Every structure is written in structure tokens, then in C-alpha cells.
Amino acid sequence: MTGAPLSTGDIRIAAIDIGSNSVRQIIADVSPVGQIRVIDEMKAMPRLGEGIEATRRLSPEAMDAAVSAVQRMTTLSAQLGAARIEIVATSAVRDAENAEDFTSRVTASTGHPVRVLSGEEEALLCFRSALAHFELGAGRTVIMDIGGGSLELVLAKDGLIERVASLPFGAVRLTERFLTPTVRPRRVRALRAHVRDGIKRALPVKDWRGAQVIGSGGTFTNLAGMVLARQRVSVRSPHGTRVTRVELEHVLDWLQRLNSEERQRVAGLNPARSDIIVAGLAVAAEVLARFDPRDMLTSGYGIREGLLLEAARVTPVVADPGTARERSVREFAERCHYEEPHARQVQRLAMQLFDALAGRLDLTVDDRRMLADAALLHDVGYHINYEKHHKHSFHLISHAELLGMTPSEQIAIAHIARYHRGAPPRLKHRGFGQLERALRERIVRLSALLRFADGLDRGHVGAVGSLSIRWTAEALRVTAHEADGATNVRLECWGASRKRQLLEDVLGRRVAVYTSDGMEIDASDDGEGE
């Protein structure tokens, strides 16, 4: 952490969101094009929204805790050199009769005003954040944010807003009304009926059935955490996780039958949210039932990130399908100072191999996209050092902020990049053995293609122009043809032959590597490796 911005043109901004359940701060450097580099985060849970449904007032205890939290956050912001400090409050403060008392106390103790957001303003900040982190350029999208006091919904078509709604269906509010003192399945059913009726009145859904749905807020990051824990996938962030309606209903049904102590021990669920998670998931389930999507995407970004972009006066560009992911991967590679000509050459050759062998390896279009990304990023570990750079690549990719892909895909890409050299995938390897079997098998197959493609650019000079790939009774015959200006490809054929073992294992057939003049290059006596 430093007081100086990351680079020329960046601005360091602190965004503080005073919600019904928690007070959260993010301090980040925001670039002129909207890239966000997080410097620090802080969170407190004063539960301002508790009791407000009955009393219409913020309790003195909750106000004291919230004021102290915001004071700590603004102090940290100043110490870290934030050029701007933006403080907003949402549903609980918006609905409280003594809101002015609270906001005046915050301003007096911090020197910064508090902007109380309307429901529509809250929804628009969520939309701005989603626009920056998802591909909304084609088709219909519903963005929902479930806070402690309210549900915000934005309906957008081709990246343009068509309808905004704010409804009093927050997780804290509904827990107090329906699920206190204990969660009962029949009370959950009553809660869902109440939400269903409210959504039906507020949102006619003609033409919106099947729209893409994105969930923002703690309800969804915790849902994703539980789903990923069940899949034994360990990731830095649950952002981008796809959750089916069936998975959501299963998790909801399971949680509502646990007691409060049991919910606190559920893997992937923050214990501090265990008392309100059932209400949050019930609301999410009713939104999905209304719009009937196949699945939903979870967002690790929300109001605070939208506030950062607003404060920096950045309007995110509407991204068409695939463009956000491609841009995100490329920009990450550039930040790692990757060797672009070699990475592009390996990617091109890997795609030729994939297109020729995908049918025999039972691979899909999604697998092709993962291989392309892994090929582009396979050597980013050089950014740390050459020694064991494949393992450094795994670490860097695993912890990168990559858009347009699920956490499972990101972990798979990291593994594929790791196994472009060195030992082949093994169950004893940290992180690999814990993955589901089907994902492990895909990683092994794609790693085999990447290893072989990397060998075909052993000299990092792009000597191979194209490949001829033929399946014979005895072997897979791969012939490398020279690119324009290249004199021969013997080194590249030797490199590929040296790295063919894993490909032979997944194909169950010998791989023979030939130069364009028909000479077979066999490096089997040299062993495999670097």
C-alpha cells in the first residue's frame, strides 16, 4: 500500500456503502478507462436495519457502531492518500425517521457528507458496476441486488436500461418479519408468497422470460461460495460463478432445515450472514422463478464499485459477448509483460490441434476458449522469474481478476497453463486432486494440447506456419510446415516430440512428428521436460 496512485491518470477513491446489514469500504485506484485496482477494504456489521420494520427508527446502538465504523474507514482512506471519499447510505437510512440525526453525526465525526440514495440511484450504481464487469451488449439482462433492506432490479436490453424497480424485500427486513425467532419451512413459504406477489405487481415480464440474470450482493457471493465448496473448487473470488435454479433451490431447501448453529458451520457461507441467508436466497429464488432463466451469474462487484466509477466519471463501455473476457485476459497478460509473439504463436498452434482432435478427445467450444486463454497466459510466470515459471503462472492466473469466465474456468485455465511444462497433472498436486473428476479430465486433455503446441515454438521465433494432422492406423501424424521466411522447423519438431508423452497418453496412440520434407523427428531418447 502506498499513498501514490498506480500510474499517471489514475485517481485514488474511497467508496463507503452504509447498508442495512453492513458498512463496507473499498479504496481503489481507478484508471481513466475504468480499471479498478483495489488498495484496501474494510467491513463492519452494525446491522442498522435491525428493528426498523417495526420502529421506523435506527437504534442508538446501531448508530453508534456505524458512526465508529465510518470514522475508522475515513481515517484509513486519508492515510492511504484517497483523493476523494464518497459515502452513501441505502435502504435502512432511507426509510428511518431519524435518518438526519444519523447522517449529521457521520458528517460531524468524519468531515464528509453522506448521500442517501434513492432506490433507483442504488439500482443504477449496481447496473454501472455490472456494465463494467459483464458482457451486456447483446440480449436482455436482469441485474438484481439484494441488500439488508431492499431488492433492486434493473432490466436492460442490449446494454440500455428499460426499467428500474426498488422493492422492500431485503434480507434483514424479511428475516425479522417472517423468520424470527427461528427459520421454519412453512414461514419460508409464506415469505416467498409475499415476495412473489410483490414482484408480480411491480414487474410485468412479457418478453423477459429467459433473460440473463446477474445477482449482486452478499447473498449471491455466499451462494456461490457454498456451491463452489460443494464442487470442491477453491478460488480467490466467487465472481462469475454460474448457479442453476435447481442448485439454488437445493441450497435453499437444505439451509432452511438446519438450525442456526448448523448454518454457521456450512462451508462457503460467512457465519455472520447465516441468520439472514435463507431470506436472501428465498428472494433470489422468486426473482428467478419470475424471469425463468436457465441459470444466473453471481457478481463480486456492486454498489461500491459503481460508486468508484461514478466518482471517477467513468462510463463503462457496453461489451458484446466474448469481448470483456478477451480484453481482460489480454490486459492481464500485458501487465505481466508477456512475450506476445510466442504466446500468440502457441495459441494459434494449440487451436489447430484442438480443431483437429476435439472430437476424439470429447472437447467442447467452452474447452476451446479455455485452451486459447491458457495458451496466451502460459508463460506469465516469467513475470516472477524463469525458475518454475509454470507454477508462478498458475499462481498469477488463479489470483487475477479475469472477467467473462466462471471461477471454475479460471482455475482450469490456471492448471492448464501450469502443466504446459514440467510434471504432468497428478492427484497429489496441490489444488488439482481436489477438483471434480470431470474437470480434472478436461484439464489433462487440454494440457496435453498446450504442451505439444508449446514444443512447436521451442525457439520462440514462430518458425511453424501451419500443421497437417492425420490419424493413421499406427499413430497420430503431425507435420509441421515452415512459416514464410523460416528455413527449417527441425528444432520445433524436436521440441514437440519431446513434449508429446501426455498427448499420447490421452489419445492412447503414438504421436509422430514430421518436418515438411517427410523426416520424422524423434526425441524420445531425450526424455520430456525443459
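User: Before we start, what does contact mean here?

Analyst: Contact means that heavy atoms lie within 4.5 Å. Please also keep in mind that this is a predicted model.

User: Then what covers the buried residues of α4?

Analyst: The cover includes β1 (11-18), α2 (60-79), β4 (84-89), α3 (91-95) and β5 (115-116).

User: Which residues of α4 are buried?

Analyst: The buried residues of α4 are Ala99, Phe102, Thr103, Val106 and Thr110. They cover an arc of only 95° around the axis, which means that they sit on the same side of α4.

User: And what is exposed on the other side of α4?

Analyst: Glu100 and Ala108 are exposed there.

User: What follows α4?

Analyst: Glycine 111 follows α4, and its phi is positive, near 80°.

User: Changing topic: in what order do the strands of the β12, β13 and β14 sheet run?

Analyst: The order is β12-β13-β14, in an open sheet of 3 strands with mixed pairing. The edge strands, β12 (464-471) and β14 (510-515), each pair on one side only. From one strand to the next, the twist averages 20°.

User: How do β13 and β14 pair, in the parallel or antiparallel sense?

Analyst: Strand β13 (residues 475-482) pairs with β14 in the parallel sense, over 6 bridges. Within this pairing, leucine 476 has valine 511 of β14 as its bridge partner.

User: Which helices lie on that sheet?

Analyst: Helix α14 (residues 340-361) lies across β12 and β13 and runs at about 15° to β12. Helix α19 (residues 490-498) also packs on the sheet, where it touches β12, β13 and β14; the direction of α19 makes about 175° with that of β14.

User: What about the largest nonpolar core: how many residues does it have?

Analyst: That core has 65 residues, and those with the most contacts inside it are Phe332, Leu371, Ile397, Leu449, Phe452 and Leu503. Its largest share, 10 residues, comes from α14.

User: What does phenylalanine 452 touch?

Analyst: Leaving aside residues up to four places away in sequence, phenylalanine 452 touches Leu353, Val478, Ala496, Lys499, Arg500, Leu503, Val511 and Val513.

Key: Residues numbered from 1 in each chain as written. Predicted model: local features only at pLDDT ≥ 70, side-chain atom pairs only at ≥ 80, totals over all residues. Heavy atoms only, no water. Pairing = 2+ DSSP bridges. Helix = DSSP H or I, 4+ residues; strand = E, 2+ residues; numbered from the N terminus. Axes fitted to C-alpha atoms, helices over the stretch in contact; angles between N-to-C directions. Buried < 20%, exposed > 50% of the residue type's maximum accessible area, 1.4 Å probe, protein only. Arc of directions from axis to C-beta. Core = buried A, V, L, I, M, F, W, Y, C linked by side-chain atoms within 4.5 Å.
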